Amino acid sequence: MSVMPETPTAMAAVCAGAAVWLLGGPCSGARRARLLLAGGGVVGSGPPSWRDLTVELRKARGRWRPEWWAPVVGLVLGVLGASVLPAVAGAAGVPLLRRMRRAREARRTGERRGDAVIALCAALAGEVRAGRQPGEALQRAARDSGGLGPAQAAVLAAARFGGDVPGALAAAARQPGAGGLLGLAACWRVAVDQGAGLAAGLDRLEGALRAERDQRADLRAQLAGARSTAVMLAGLPVLGLALGTALGADPLRVLLHTGAGWGCLLVGGVLEAVGMWWAVRIVRGAEET
């Protein structure tokens, strides 16, 4: 594979800059001064240990969001292929990857909130069985489980001062993953208006929510194979480029500097995007069903 003469120098400069940033960082002098003045270490005591390097790498990974690796990879490919197209494509992929990351984080937050709602129902049933009044029991259970989320203050205020607790619970149920609070609101309304047993209703609600959560987990486990297959198929073009480079075919030059290569790159990119969209749609449709 033919590489520009400036490529080794550029790559060496990038690697040296990354090493300096990881080992010392922009504020390494200030950190050393603070350590010296606080008596927490000795300046210039020697090279950093492997443990220090591991800690710095973890901090760097925490600072870097996953989507910012796209322009880095695009820049490296652009240097290797002597073209600006990979860098532009990497920069264009940042919003898409950020959206995917935020959707994944929102889904995980919803799952954690759903688990907290189940814990709230179990704790509330236990407090009611212990002989406490529903308002006091809700305050104790919410404080222990945190299942009400940001709406906890409004719900607890309604429970403490005789407000509309079912209405506050219904408003809190609008949070992602907190749909079980609608069942809690119904149980509360029935127990207060008709004098029914609140603990028995909470037990049934907890069982239903646990069964629904287990069903989702089982479905997600069954769809894990389909997701893995889609990811593997999406990575096959990268594997093909790597094999072509290893065989000396120089696929980056063909793709980035010839008309036929541009056409293949455009068609392949469109087909790749359509295939990934279709696979994600199938998996999401199965999960929603």
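Start with helix α5 (residues 85-129), which supplies the largest share of the positive surface patch, four residues. Helices here are DSSP runs of H or I with at least four residues, strands are runs of E with at least two, and both are numbered from the N terminus. This is a predicted model, in which local features need pLDDT of at least 70 and side-chain atom pairs count only at pLDDT 80 or more, while totals for chains, interfaces and linings use all residues. Residues are numbered from 1 along each chain as its sequence is written, and side-chain values use heavy atoms, with hydrogens and water left out.

**Stop 1: the positive patch**

Select R99, R107, R108, R112 and R284, which together form the positive surface patch. Patch members have over 30% relative accessible area and no salt bridge; like charges are joined within 9 Å, and nonpolar side chains (Val, Leu, Ile, Met, Phe, Trp, Tyr) within 5 Å. Lys and Arg count as positive and Asp and Glu as negative, with His and the chain ends not counted. The place of a charge is taken as NZ of Lys, CZ of Arg, CG of Asp or CD of Glu.

Now pick R108, which sits in helix α5. R108 is partly exposed, at a relative accessible area of 45%. The classes are buried for under 20% relative accessible area, exposed for over 50%, and partly exposed in between (1.4 Å probe, protein chains only).

**Stop 2**

R101 is buried, since its relative accessible area is 8%. Show its surroundings: not counting residues up to four places away in sequence, R101 touches R65, P66 and E67. Contact means heavy atoms within 4.5 Å.

Move along helix α5 to L124. L124 has a relative accessible area of 0% and is therefore buried. Leaving aside neighbours within four places in sequence, L124 is in contact with P134, A137, L138, A141, L184 and L202. To check a distance, draw a line between the C-alpha atoms of L124 and E136: they are 12 residues apart along the chain and separated by 9.6 Å.

**Stop 3: salt bridges**

The whole structure holds 13 salt bridges. The term covers a side-chain nitrogen of Lys or Arg within 4 Å of a carboxyl oxygen of Asp or Glu.

Select D115 and R213, whose side chains meet in a salt bridge (3.1 Å, N to O). This pair links distant parts of the chain, with D115 in helix α5 and R213 in helix α10 (residues 198-246), 98 residues apart. D115 is partly exposed, at 34% relative accessibility, and R213 is also partly exposed, at 27%.

The side chains of R132 and E136 form a salt bridge (3.8 Å, N to O). R132 is partly exposed at 28% relative accessible area, and E136 is partly exposed at 38%.

R210 counts as partly exposed with 33% relative accessible area, whereas E206 counts as buried with 14%. Elsewhere, select E67, R98, R101 and E105, which salt bridges with shared partners join into one network.

**Stop 4: the nonpolar patch**

Select L266, V270, V274, W277, W278 and I282. These residues form a nonpolar patch on the surface, with about 660 Å² of accessible area together. Accessible areas come from the Shrake-Rupley method with a 1.4 Å probe; for residues, only the protein chains shown count as cover. L266 is in helix α12 (residues 259-288) and is exposed, at 59% relative accessible area.

**Stop 5: helix α8**

Select A171 in helix α8 (residues 165-172). A171 is partly exposed, at 35% relative accessibility. The C-alpha atoms of A171 and A154, 17 residues apart along the chain, lie 9.4 Å from each other.

**Last view: the whole chain**

Zoom out and colour by secondary structure: the protein chain has 12 helices and zero strands. Of its 289 residues, 26% count as buried. The chain exposes about 18,500 Å², of which carbon and sulfur atoms supply 65%. Among contacts between residues at least 6 apart in sequence, 54% join residues at least 24 apart.
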